[in-house]
Structures are given as structure tokens and as C-alpha cells.
Amino acid sequence: MSKKILNFKYNNLTLVFLGCIFFISIFNIENSYAINLSDQAETYRNKGYAAQEKGSIDEAISWYQKAVNLDTNYAAPHNDLGILYEAKGWIERAESEYQKAISIDPDYARAHTNLGLLYERKGELEKAAYHWMRRYKLGLPGDPWTEEARRRLEKLGLVDKSGQKISDRISNDT
């Protein structure tokens, strides 16, 4: 084989190799960047919680907002914002944050609890019942909020004392 052909093949292989290394390094940088953002968002949420515990509501809101801005798929700080907005009397904003938490994580039990409570206060019992039922179904036996969800559903006439849906019991009796 001629020296030119060998150099051409060698140069092409070198370019392919360097290209692979370049793309692998970019992929690793993007993944580590995403991981770092998630870690930073969690750090911001923890700082928000610490501020909330101290009674610094506005500072806590600021930290939670930083967390959701960093990681748009992080449901917990949306729920936290909802709690604080509700405490400030900003009901629509609270409802919106709880809904965002559930849109990110449909099985986020705490957001269902908070929406159940919020809708009860607003007198929207059908919506409250939906979120209490979701909370009840997501809960673990012995969890106090699972039991609270059952009690609330019982008051609304949707489950009996055993936790069985009344509609299921009626359809089984016929």
C-alpha cells in the first residue's frame, strides 16, 4: 500500500476517534451539569425549609423559587411554595403551585393532601374528594395522612369505616 493511502486512512481514523472522544465528553459534561443542577436545586430547597422553620417566609419563598427555576422537574419546592402562598392568603397562587407539583409527579401525595385541604376550605368538595381519594390510594397503611384522607372521604360519604368505596359496596350488594 502506498504511503499516501496509509496516511489518509490513519488521518481519518484519528478524526473519527477524536470526534468520538469529543461527543462523549460533551455527553458527560451535560449529564454532570444536570446532576449538579438537581443537587443545587435540592440545596436551595433545604435552605428554603430552614428559613421557613425560622419563620422567614419571604426568604423561604425566595429559596424555593430558586429551586424550581433550576430544576423544572422538581415537584417538592412547588408544593412548598403552595404552602407558603396559602399561608400568605394567596390562594390562587397556592393552588397553581400544588397543581404544578402534581403535573410533575402525579403520585406526589403531599400535594394531593394540600389540594384536598385547600378545596375543602374553598367549599369545592368535589375537587377535594378527588384529591383525598388520590391521597388515600397513594398512602401506606398506618400513615397518619392516609388515615386522615380516609376520615375525610368517610365524612363526604365516599368510603365506609373499612375504607371501601361506597360505590363499590353498592355495586357488590346488587
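In the predicted model, the charged end of Lys 66 sits over the ring of Tyr 44, 5.9 Å from the ring centre; a charge is counted in this way when NZ of Lys or CZ of Arg is within 6 Å of the ring centre and within 35 degrees of the ring normal. Because the model is predicted, local features need pLDDT of at least 70 and side-chain atom pairs count only at pLDDT 80 or more, whereas totals for chains, interfaces and linings use all residues. Residues are numbered from 1 along each chain as its sequence is written, and side-chain values use heavy atoms, with hydrogens and water left out.

The secondary structure comprises 8 helices and 0 strands, where helices (H or I, at least four residues) and strands (E, at least two) are DSSP runs numbered from the N terminus. Of the 174 residues in the protein, 32% are buried, that is, under 20% relative accessible area, with exposed meaning over 50% and partly exposed in between (1.4 Å probe, protein chains only). The protein exposes about 11,200 Å², of which carbon and sulfur atoms supply 57%; accessible areas come from the Shrake-Rupley method with a 1.4 Å probe, and for residues only the protein chains shown count as cover.

The whole structure contains 2 aromatic pairs. Rings of Phe, Tyr and Trp (its six-membered ring) pair if their centres lie within 6.5 Å, and planes under 30 degrees apart count as stacked, over 60 as edge-to-face and the rest as tilted. Tyr 44 and Trp 63 form a tilted pair, at 5.4 Å centre to centre and with 40 degrees between the planes. Tyr 44 lies in helix 1 (residues 3-53) and Trp 63 in helix 2 (residues 57-70), so the pair ties together parts 19 residues apart in sequence. Tyr 44 is buried at a relative accessible area of 19%, and Trp 63 is buried at 17%. The rings of Tyr 85 and Trp 90 also form a tilted pair, because their centres are 5.5 Å apart and their planes are at 45 degrees. Tyr 85 is buried, with a relative accessible area of 3%, whereas Trp 90 is partly exposed at 33%. Arg 93 lies over the face of Tyr 85, at 4.5 Å from the ring centre.

Tyr 85 is among the buried residues of helix 3, which also include His 78, Leu 81 and Leu 84. Helix 3 is largely enclosed by the rest of the structure, because 10 of its 12 residues are buried. Just after helix 3, Gly 89 takes a positive phi of about 90 degrees.
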